[in-house]
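Biologist: Thanks for sitting down with me. Could we go through this model together, one question at a time?

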Amino acid sequence: MATRRYGLITFDLDDTLWDVRPVLARAEERVEQWMRTHCPRVPERFDRAALMELRRRLYRERPDLQHRISELRIEAMRLALREAGHDEASARRLAAQAFAVFMEGRHDVEPFAAVDTVLAGLARRYVLGALTNGNADVFRLPLGRHFRFAFSAEALGASKPAPGHFEAALRAVDVPPARALHIGD
């Protein structure tokens with residue numbers, strides 16, 4: 001019997017298994033609606049574009065957050081809350097709650113057509129893994145049942161195409177690089 005060429009197939013998530021733009025837009029909308037109820041001074045002071053600019057500024061000013069996009073988002077929200085007049089304790093609490101709302105929306109994804117079917121077929125023959133620079137957790141999704149592992153930039157402290165993602169995947173299933181394939185957008 002011939003040996004299969006590949007033993008491991010890894011996938012990026014955003015824009016590979018689903019279109020991330022509408023997912024993020026809906027998640028941002030949910031946060032905005034939540035804030036109108038729980039901390040209305042923030043949406044009065046910051047529209048979505050202003051919050052995005054705050055995150056970009058923070059990204060430039062805080063290189064330690066470069067690969068930690070969840071923490072970056074929470075910190076930007078905390079700063080927005082502080083600028084809108086909330087005390088530090090309230091800002092931290094509300095930022096964490098707003099992030100939880102965001103993450104619920106972040107996982108409201110619509111996979112591209114046939115993704116589930118294709119992954120199911122591949123998972124019968126290969127080990128599948130997820131490698132993402134984003135903060136989606138594939139195991140929170142129905143698609144997660146096809147994957148043996150997932151690594152994020154946040155967990156590894158580096159973003160693809162840095163070799164850390166691929167080295168972690170190879171170690172997770174003990175396959176040589178020549179027997180691994182990565183699929184991404």
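Biologist: In which loop does Asp-174 lie?

Modeller: A word on the ground rules before I answer: this is a predicted model, where local features need pLDDT of at least 70, side-chain atom pairs count only at pLDDT 80 or more, and totals for chains, interfaces and linings use all residues. Residues are numbered from 1 along each chain as its sequence is written, and side-chain values use heavy atoms, with hydrogens and water left out. Helices (H or I, at least four residues) and strands (E, at least two) are DSSP runs, numbered from the N terminus. On that numbering, Asp-174 lies in the loop between α8 and β4.

Biologist: What is the phi of Asp-174, and is the residue buried or exposed?

Modeller: Asp-174 follows α8, and its phi is positive although the residue is not a glycine, at near 55 degrees. For accessibility, buried means under 20% relative accessible area, exposed over 50%, and partly exposed in between (1.4 Å probe, protein chains only). Asp-174 has 69% relative accessibility, so it counts as exposed.

Biologist: Let's turn to α5. Why does its span agree with its number of residues?

Modeller: The expected span of a helix is 1.5 Å times one less than its number of residues. The 19 residues of α5 should therefore span 27 Å, which agrees with the distance between its end C-alpha atoms, 26 Å.

Biologist: Which residue caps the N-terminal end of α5?

Modeller: Here we need the polar contact: a pair of N or O atoms within 3.5 Å, where, within protein, one must be able to donate a hydrogen and the other to accept it, and residues adjacent in sequence count only if both atoms are side-chain atoms. A side-chain oxygen lies 3.0 Å from the backbone nitrogen of Ala-89, and the capping residue that supplies this oxygen is Asp-87.

Biologist: Why does Phe-99 count as buried, and which residues beyond its sequence neighbours is Phe-99 in contact with?

Modeller: Phe-99 sits in helix α5 (residues 88–106), and it counts as buried because its relative accessibility is 14%. What covers the buried residues of α5 includes α1 (20–38) and α4 (69–83). Contact means heavy atoms within 4.5 Å. Leaving aside neighbours within four places in sequence, the partners of Phe-99 are Ser-70, Arg-73, Ile-74 and Asn-135.

Biologist: At what angle do α3 and α4 pack?

Modeller: Axes are lines fitted to C-alpha atoms, for helices over the stretch in contact, and angles run from 0 to 180 degrees between N-to-C directions. The axes of helix α3 (residues 48–61) and α4 are 9 Å apart, and the packing angle is about 115 degrees.

Biologist: Where is Lys-160 found, and what does its side chain meet?

Modeller: Lys-160 is in the loop between α7 (153–156) and α8 (163–173). With 15% relative accessibility, Lys-160 counts as buried. A polar atom of its side chain lies 2.9 Å from the backbone oxygen of Leu-131. The Lys-160 side chain also makes a polar contact, at 3.2 Å, with the side chain of Asp-12.

Biologist: Which residue is joined to Lys-160 by a cis peptide bond?

Modeller: Omega of that bond is about 15 degrees.

Biologist: Which elements do the buried residues of α8 pack against?

Modeller: The buried residues of α8 are His-165, Ala-168, Ala-169, Leu-170 and Val-173. They pack against β1 (8–11), β2 (127–132), β3 (149–152), α7 and β4 (180–183).

Biologist: Last one: how far apart in space are Ala-180 and Ile-9?

Modeller: Ala-180 lies in strand β4 and is partly exposed, with a relative accessible area of 26%. Leaving aside neighbours within four places in sequence, it is in contact with Tyr-6, Leu-8 and Leu-170. Ala-180 and Ile-9 are 171 residues apart in sequence, while their C-alpha to C-alpha distance is 5.8 Å.
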